[in-house]
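Here are my notes on this one, written for someone who will want the cut-offs spelled out. Have a look at the model before reading on.

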Amino acid sequence: MLLIDSGGALLMWHDSDPGAPGRPAFWCTTGGGVDPGETDRLAARREVREETGLDLSDRDLTGPVAERQVVHGYSDSVVTQQEVYFAVRCERFEPDTSEHTLDEQATFNGHRWWTIEELERTRELLFPAGVAGLLVAATARLAGPRGGATVASVALPVAQESTVDAGATTPDAEGVFT
């Protein structure tokens, strides 16, 4: 989920990998997995409620604004997953973390609202890769079509985003890492 305030800043979480040497830290967007029987939209709304306390309706979601395949190496687990991103315009708020899972309570180190300029300048590890460009595209999508044109979803590249060696080097012809 891309939760974007009225000034164009994106809410991100400072997360860490306690199972990796040095407990590497990174910034990531709100969201998580799709539970059995859930649609992407329903999962997005549930994850936002659990991670921030913000209760969204289906009409609040714009998108999907982007989709991609990604290989994640985290602690002792490597997974390949499909990601779907939705955008929501909201007023800046202080997240309610009372519904964070035990894992989130153990690994999250805080949150902050990032501007496009801050995302472009930082040397910190950001997931998804290219999040500044994604924020630009999502903001345009939230503004709606201009001159009758439709703003298309962003085609994010297949990526490897890991705190540990995921063992994947390059995607094959189908975009699967080998």
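1. Ground rules. This is a predicted model, where local features need pLDDT of at least 70, side-chain atom pairs count only at pLDDT 80 or more, and totals for chains, interfaces and linings use all residues. Residues are numbered from 1 along each chain as its sequence is written, and side-chain values use heavy atoms, with hydrogens and water left out.

2. Strand 2. Helices (H or I, at least four residues) and strands (E, at least two) are DSSP runs, numbered from the N terminus. Strand 2 covers residues 10-16, and seven of its seven residues are buried (under 20% relative accessible area; exposed is over 50%, partly exposed is in between, with a 1.4 Å probe and protein chains only). In a regular strand, side chains alternate between the two faces of the sheet. Here L10, M12, H14 and S16 point one way while L11, W13 and D15 point the other, and all are buried.

3. Its partners. Two strands count as paired if DSSP finds at least two bridges between them. Strand 2 runs antiparallel to strand 6 (residues 110-114), with five bridges, and W13 sits opposite H111 there. Strand 3 (residues 25-29) is also antiparallel to strand 2, again through five bridges; in that pairing D15 faces F26.

4. L126. What does L126 touch, leaving aside residues up to four places away in sequence? The list is M12, W27, W114, L119 and V131, where contact means heavy atoms within 4.5 Å. L126 belongs to strand 7 (residues 126-127) and is buried, at 14% relative accessible area. M12 is 114 residues from L126 along the chain, yet their C-alpha atoms are 9.1 Å apart.

5. Cis peptides. Most residues other than glycine have a negative phi, and most peptide bonds are trans. Two bonds to look at here are cis: G63 to P64, with omega about 20°, and F127 to P128, with omega near 5°. P64 is in strand 4 (residues 62-74), whereas P128 is in the loop between strand 7 and helix 4 (131-143).

6. R23. Where is R23? It lies in the loop between strand 2 and strand 3. R23 is not a glycine, but its phi is positive, about 45°. With 37% relative accessibility, R23 counts as partly exposed.
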